[in-house]
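Me: I have a structure open and would like to go through it with you. Could we start with the strands?

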Amino acid sequence: MGSNYLAGQAAVAVQAGSVSGGIHLHHRASASHAVPRQLPAFPRHWVDRGDVLAALNQRASRRGPVVVAVSGVSGVGKTALAVYWLRRHLRRTFPGGELYADLAASGDPGEVLGCWLRALGCVVPASPPARAVAFRTATATKPVAVLIDNATYSEQVRPLLTSSPSSVTVVTSRSPLPDLVNEGAVLQHLGPLDADSSRKLFRAHAAEYGTAVEPGAESVLVEACGGLPLAVGLASAHLAMPCPGRRDLAINPRPRSSLSRAVREVITMSYEALPESARLLYRLIGDHPSGEIIRPAAAAMLDTDPEEAAEAIDWLLQARLLEENDHGFKIPSRVHEHARSLVSGDDEAVRAAARGRVVLSYLETAMDADWVLNPHPRRYSLAYRDLRTGTRTPTFATKDEAMAWFDVVRGTLPKLQHRAHEDGDHTTVWQLAEAAWAGCLKGGHTKLLVDMHELGCQAARHCQHPAESILRSRLSRGYRSLGRLQEALEVAVEARSLAATTEDVWAESAALSAQGRVHYDLADYMEALQCFQLSLNLAARVAESRSIALRLRHIGECYAALKRNEDACAAYTAAAARMDGLGDREGYAATLTKLAAVRLAQGQVTSALDHLHVALPIMRASGSPIYTAKVLAQLGHAALRRGDRHQARSYNHEAHQLFRRAGDTRNAEDMSASLTTLQ
């Protein structure tokens with residue numbers, strides 16, 4: 001090709017030819033998908049529940065799928081019973097996998113099904129009913145064990161039931177779920193332990209801690225626990241805590257009329273034995289909107305030095321009022337309820353200050369993750385300045401680390417954003433939306449993107465902050481991904497108007513680009529092209545090189561859709577050169593992949609392969625399965641054009657697996673169809 005390309009005021013002259021990086025890496029086969037083993041850990045101490053286990057075994061001997069609904073009060077040991085039975089007593093193996101969901105953490109069956117399907121390596125359809133069908137299909141011939149914890153009503157459970165005749169599903173709930181009988185379930189009530197079993201369990205815990213207790217005191221303490229294993233475990237942990245006077249307990253042995261009251265009294269015992277700093281931390285945890293908390297946030301609750309905060313956290317861990325995990329701590333639900341009841345009596349100013357410190361702790365770490373995942377876009381929060389200048393090193397060393405953290409906290413971030421909104425901290429609200437952008441984009445969390453950006457736009461408007469325009473442009477992208485194209489267009493038009501009012505040329509360029517993307521999705525390619533060219537001119541006016549590169553790429557997409565292949569190649573070549581010069585490796589690789597598609601359409605297979613062999617290792621290092629799969633799909637097309645059906649199958653197979661793993665249903669189906677034709 002020998003033509004040059006010049007676009008508007010950008011004055012970008014392009015040599016239309018092949019971008020060749022000279023890097024050639026061979027395709028590698030994908031690893032096999034791991035069988036999920038999600039059941040919680042086996043209980044450390046177990047006492048006889050022989051009658052209940054025998055009843056469950058009898059019911060499991062029936063033909064067809066086994067569904068057992070275990071009910072009982074909080075702390076009675078429903079989850080421990082289910083895990084013990086499934087893993088030890090049932091004497092079955094589940095080669096299809098073990099799946100677990102806590103509906104107290106996520107009561108949305110559609111979200112649970114999405115997680116399960118991804119764990120099974122399956123496509124994740126968009127709608128909850130389609131996910132239920134996909135789940136039943138995926139498990140129809142597989143022996144799987146399923147534990148559904150803390151169900152509230154039968155409608156939550158029905159979509160989560162398998163159809164496999166060799167599957168076993170256990171549902172736990174505080175109240176019986178009689179409607180599940182219609183689904184073939186058997187109901188099993190779990191009552192408190194008797195006195196002998198409670199003593200055995202208490203002694204097992206005490207032996208672990210090396211704690212000796214007088215028989216009289218043991219009887220009183222065990223009675224206070226009301227036969228609840230949770231209370232027994234907390235009581236034994238309480239006795240083992242190394243604090244003077246800890247073992248001299250004044251326990252009122254009067255009968256307990258409420259089992260929940262027994263648990264509360266044992267938790268209260270543990271709380272009252274804590275030093276003051278740990279007590280304050282415990283109460284402040286009651287204000288945290290999530291059952292999970294990261295380490296920096298737990299420390300930030302106390303306005304003190306790190307050593308004292310760490311000591312307070314250690315006290316709570318010793319008392320089992322917190323449980324440690326990979327990224328921080330889990331707050332047991334009964335403990336969280338108790339802490340909430342206590343903090344309500346504290347000074348509101350102290351509580352509000354602690355909530356603010358916690359939100360800022362999450363915000364700072366979210367900004368670190370956002371920066372590591374994509375350091376290129378302009379940011380409006382001044383807190384990014386230290387990251388941009390190198391004054392502060394981000395928490396995460398790699399994109400994989402940043403994405404893993406975001407996946408852990410993505411359920412907590414919107415709750416914190418709503419809490420900040422309730423507290424009137426509007427600046428933090430829009431900053432949280434800005435910081436969630438890259439994680440939502442790379443993780444494919446479209447609903448989270450929309451929810452956080454809708455609230456972020458409101459907050460930015462309340463602050464009269466110019467960030468509102470870019471937040472609306474990004475919200476437009478979320479709406480487009482959900483198929484809400486009219487809303488996407490309206491919010492993009494408003495974003496442009498806001499940017500023009502504040503004379504924010506970069507944001508106006510982004511808003512025009514958002515409008516162009518909507519028109520492109522509507523197949524109005526000429527209107528889209530006009531938007532992208534106007535956007536390009538604005539980006540050139542402020543010398544925003546990456547924005548210029550992105551607009552050139554979008555222009556190339558329009559030309560490709562219009563079958564103007566020479567113009568498309570020119571635009572893509574210009575975009576790739578700019579991306580490469582900026583060090584935006586993923587943007588460079590994405591552009592080469594699009595350029596390769598046009599080269600294939602022109603019959604230039606060797607040139608297309610050159611581009612794709614450069615793009616593939618870059619996308620493999622990006623941490624994004626979707627980005628990698630798109631390159632592999634193009635490599636499959638190129639291999640087929642060369643007549644190498646075996647290599648085409650290999651590329652398409654890996655692309656299919658990656659699209660499925662990421663929940664990209666449409667592209668996964670396209671790859672499946674391609675594989676069928678290659679049989």
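**Strand pairing and confidence**

Reply: This is a predicted model. In it, strand S3 runs parallel to strand S7 (residues 186–189), and four bridges join the two.

Me: Which residue of S7 is the bridge partner of Ser-71?

Reply: The partner of Ser-71 in S7 is His-189.

Me: And how many bridges are there between S3 and S6?

Reply: S3 pairs with S6 (residues 168–173) over six bridges, again in the parallel sense. One of the residues involved is Val-70, whose bridge partner in S6 is Thr-172.

Me: Is S3 mostly covered or mostly open?

Reply: Strand S3, residues 66–71, is mostly covered, with six of its six residues buried. Val-66, Val-68 and Val-70 point one way, while Val-67, Ala-69 and Ser-71 point the other way.

Me: New topic: where is Asp-504?

Reply: Asp-504 lies in the loop between helix H22 (485–501) and helix H23 (505–521).

Me: Why does Asp-504 count as buried?

Reply: Its relative accessible area is 8%, and buried means under 20%, so Asp-504 counts as buried.

Me: What does Asp-504 touch, leaving out residues up to four places away in sequence?

Reply: Asp-504 touches Arg-378, Tyr-380, Pro-466 and Ala-499. With Tyr-380 there is also a side-chain polar contact of 2.5 Å.

Me: What is the mean pLDDT of the chain?

Reply: The mean is 86, and 89% of the residues reach 70 or more. Over residues 1–31, however, the pLDDT is below 50, and it stays under 50 over residues 243–259. Where pLDDT is low, the predicted coordinates should not be read in detail.

Terms used:
Residues are numbered from 1 along each chain as its sequence is written. This is a predicted model: local features need pLDDT of at least 70, side-chain atom pairs count only at pLDDT 80 or more; totals for chains, interfaces and linings use all residues. Side-chain values use heavy atoms; hydrogens and water are left out. pLDDT is the predictor's confidence in each residue, from 0 to 100. Contact means heavy atoms within 4.5 Å. Buried means under 20% relative accessible area, exposed over 50%, partly exposed in between (1.4 Å probe, protein chains only). Two strands pair if DSSP finds at least two bridges between them. A polar contact is a pair of N or O atoms within 3.5 Å; within protein, one must be able to donate a hydrogen and the other to accept it, and residues adjacent in sequence count only if both atoms are side-chain atoms.
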